[in-house]
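Hi,

Here is the structure I promised to pass on.

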Amino acid sequence: MELEEAKELKERCSQCDAISWGLTEEGKYYCTSCHNVTERSKEVINTDIIPNTKIKSISRGLKRKSKLEKGWDWYVCEGFQHILCQQAEVLKTLGVAPELKNEVLHNFWKRYLQKSKQAYCANPVYTSGRKAQVLKDNVHHSDWASGSELLSDASCASSLESGAESKSDVPTPKPFPALRTPQSESRSVPAVAASVCSGSLDGMEYSEWKEKGILKMTVPGTLALCYLSLLWQREAVTLSDLLRFVEEDHIPYIKAFQSFPEEMKLYGRDKGIFAIESWPDYEEIYKHMFEIATFLDLPRFPDITEDCFLHPNILCVKYLMEANLPDEMHGLTHQVTKMTGLGDVDSLTFDPIAKGAQTVKYDVQAIALIVVVLKLLFLLDDNLEWSLSDLAEVNNEKNKTDKPWFSFRKWYQVMKKSVDEKKQNWEEARAKYLWKSEKPLYHSHIDKPGASKRREMVVNLQKQFSTLADSAPTIEKKSPSSFQFHWAEDDPSRPCFHGHSLQGILVKKGPALVTKNSLYWLSTQKFCRSYCKHVTTYEESNFSLSYQFILNLFSFLLRIKAALLHDEVSLIEKKLFKKKYSETKKNSRSRRR
Amino acid sequence: MRPTACGEPASKGAREDCGGAHPHFLLDVLRTQDMSDFSEELTRPESEDDQEEASTVSGTRVYFPWLQKHLDTVATGGKKKKDFAQTTGACLSFIREALLKHQWQQAAEYMHSYLQILEDFDSNQRQTAPEIIWKLGSEILFYHPKSSVETFNTFADQMKNIGVLNYLKISLQHALYLIHCGKLEEASRNLSQAETWRYGEKSSSQEMLINLAQAYKGLLEYFSWSKKKMELSKLDKDDYAYSTEARNIFSHSWKTSVNFSALIKTPGVWDPFVKSYVEMLEFYGDRDGARKVLTSYAYDEKFPSNPNAHIYLYNFLKREKAPRAKLLSVLKILYQIVPSHKLMLEFHMLLRKSEKEEHHKLGLEVLFGLLDFAGCTKNITAWKYLASYLRQILMENRVAWVQEEWKSRRNWWPAFHFSYFWAKSDWKEDKDLAYEKALVAGMLLGKGYRYFRYILKQDHHDLRKKIKQMKKSVKKYSIVKPAV
């Protein structure tokens, strides 16, 4: 009988007069000296301790305590599953199709577990090699081997759900029935051994797990997996959007483990696995995504056709709006897309298995297209764009009724101010970001009191200083949006250039419009031929100030490095001026189109 | 121990009365120049680790953020810095900026986020952070309009208990803050706690800080003692209260002297402590003890050069009516350190009274030296002394002495002291000063010089007689021979 001591009852026992009560499993009081069970049951927990009452605890009290401290038995992959589940939930609230979670992401995850031999396979990693070193009683292993039988659809469907619902008070926690079916009793021996340095059962092994051909899941990996699912669904979310949502704290990432159920203890090695101390980096996640896709051996993704959000035609419209550029430019980006073949379904669609497979950085590519068009129109040599602006301004002075001509200078002034402001806010928000979770992370139990004390101290000090800070919290959480800027026709502080025309920049020649500017300079002549993944090197000071400004503006919008955008621009130019590239590589600066 | 425990060059400008209860310690994030700072300097040279910490975090007077960043990247071996570290780094610079601009609320806001550095996984960071947090936090709490003594106390108590390294330093600065707020008893209680605090082996840095804590406690006791003494002086000697009060005072001094003596033995600049200690010793008639303290404070080579030490000694000897030779030897050293000190006038008079000829010559040097300083240009006594002494010396036909002094000053004193502008403004502000200066100008530059001429031209009935006299003496004694 599992019994608990009860300190709150102060009455004497009717049989032996002792005041020494225990609590039975049913919640009824019993006398610890004569084992007389009363009819009374525990109601309210009284926290006061009555010093005069003799309390005897039954010997199994100790065992119970250690169990409480240990929490549930859980595996690292369950932790990731929990995070994925939360991320998917948020994506759903952001308006992503609900199938993303239960069908796409769930399938990817299942496939991952299977491929990495963690579950859904005849011989999960834990039964073979790795676990055997720790386990001495192999008696129960046969149970686990039968885990493959559990790969039935019925249990799978609930597996992702259970991650979110595991907070509910299930007496014997088995949040992931689809995985192994561990019996906590049977594993008590190895579990104690393992829990010395991690809260999860396999944190230690997981962090040391090195197997050829196996891709270990990481927290950044969860984002990559989310993006893969978004891509599969052809959702209107780019990678940079996704990462921005993470940064704006909409999508759980940095402190994702915080929402693990209380009983999922996290410490020791788990810290290295789940604690994240950096923002997700575009290129890193992109690389991850690619690796995961190949590891999962995914088939060709659904086609990115002209009506998809990720198609350059649509993305360019989005970014033209975001960057406050005239709508008329869209015709030109469309043309460049066509000429370079960047809008082809085959080049846009991700096919991990295909030879030389490559995902397109849709957002970067669209922006690069815009940069190329800006270069075509204004040359961006710190000279022509300003003289064209003069023309436009003179015309606008004279002609106030017509559609105004687009003035690069005016646009620059507005954008510079807005971006600087945004950047400032962004930097401040980053400086104010709180990285540490409410639950302190620690190396081991010895470390735990120290970590808790530190946490408490920090909380106390923070309380003190927050009362001294400005009473109104300056950064209220923004609601997630695909747009970072809002331009309005009638707001003088953020005027809108969308309706401005490109007249004065384009000249009529016969039936067609031709750009007034007939020059162009290539961002690079030489592509890095070595095996490093660099396309080119971007040395900022070598380029015109306008070009620098535009790269910085757009790379800030995407939260990427300017060099990455520059690479993409160079790649597009390479396609656009293929002939010129092959002809001569002598002249460096400008050449005629 | 390095010979210069106090980094401030102790030459120009006397540092008399530094005062015990200076509240400036709170500013040392931005401007490190205070009591606590030299205690830091003192404790520095004992362990490599300490030294490193102090030089990167607080000990240095000039702070280069970029250098710090550079050092950090070197330390991490080129590994990419975690964004967490970027956040705390950015926070730190935002706080600095806010402090410089006196935006206390903003600083508190960033502080809220900066505090997470206490939970950094990097234990190095975790160890150095409390000191930075203490300095920034105390600065914010000191100036913030919504802050109070209670908030400051809670903050200090919390910070004391983060790690053991900072306990003493924070206790000490906390006590200084309390003194500044006039809460002397609380401060004293704080210091007593610090005094008895021990952690592990008593290291020399700890000892130093404990000594300081003790000495500050002594200073507080001195304060109440001197208050009692004042009251006592108001009481009638026959008053029945007198004897009990007197006894009280006696019991006081014994305790206090113990508090001071440990600190005073260690090299450093301890002006307020020495001064109060000596006052108490003198009060109880322990002249030998006082002399010993002052002599070692002034002459011990391990102590940093400190003009105040000599001033205290000189004043003590003067009170004691010590022989002139002794007084002269003290002032001679002071003359070398601070030639602009006002005691130089006394020095001059002492030299004049001396029988030795070299002293007479030195007397002239001292006056010229004193007037080299811009702060002394309007010192009428100095000019009066110079005028009369010049006259006396020229009368004694020692033109060579004057010429020797004048040689190095010939090309700048005229513009510095005797310009037309000065003549006008001196005459307007202080006619006596103008008169003395004119006399000196006449003797040094001849009667044709414009300063002299300007004053001469002024027809003032009170000074008419004096000016006539001046004309006469200039004619007689000027070192410039009138052009024939």
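In chain B, the loop between helix H4 (83–100) and helix H5 (104–114) holds His102(B). This is a predicted model, so please read everything below with that in mind. Most residues other than glycine have a negative phi. Is His102(B) buried, exposed or partly exposed? With a relative accessible area of 49%, His102(B) is partly exposed, because the exposed class begins only over 50%.

Arg234(A) has a positive phi, near 55°, and is not a glycine. Its place is the loop that links helix H9 (219–233) to helix H10 (239–247) of chain A. The relative accessibility of Arg234(A) is 36%, so Arg234(A) counts as partly exposed.

Strand S5 (residues 506–509) and strand S6 (residues 512–515) of chain A run antiparallel and are joined by four bridges.

Now to the place where the two chains meet. On the chain A side 32 residues are in contact with chain B, and on the chain B side 35 residues are in contact with chain A. The size of an interface is often given as the accessible area lost when the parts come together. For chain A and chain B the buried area is about 3,200 Å², with 61% of it on carbon and sulfur atoms.

As for polar links, there are 16 residue pairs in polar contact between chain A and chain B, counting those with both residues at pLDDT 80 or more. Two salt bridges also run between the chains. In one of them, Arg455(A) is paired with Glu119(B), and their closest N and O atoms are 2.9 Å apart.

Which helices of chain A each supply at least two residues of the side that touches chain B? They are helix H18 (408–431) and helix H19 (448–468). H19(A) gives the most, with 13 residues. By type, the residues on this side of chain A are 13 nonpolar, eight polar and eleven charged.

Happy to go through any of this with you.

Best wishes

Key. Residues numbered from 1 in each chain as written. Chains lettered and ligands numbered in written order. Predicted model: local features only at pLDDT ≥ 70, side-chain atom pairs only at ≥ 80, totals over all residues. Heavy atoms only, no water. Contact = heavy atoms within 4.5 Å. Buried area = accessible area lost by both parts, 1.4 Å probe. Salt bridge = Lys/Arg side-chain N within 4 Å of Asp/Glu carboxyl O. Polar contact = N/O pair within 3.5 Å; in protein donor to acceptor, adjacent residues only side chain to side chain. Nonpolar A, V, L, I, M, F, W, Y, C, P; charged D, E, K, R; others polar. Pairing = 2+ DSSP bridges. Buried < 20%, exposed > 50% of the residue type's maximum accessible area, 1.4 Å probe, protein only.
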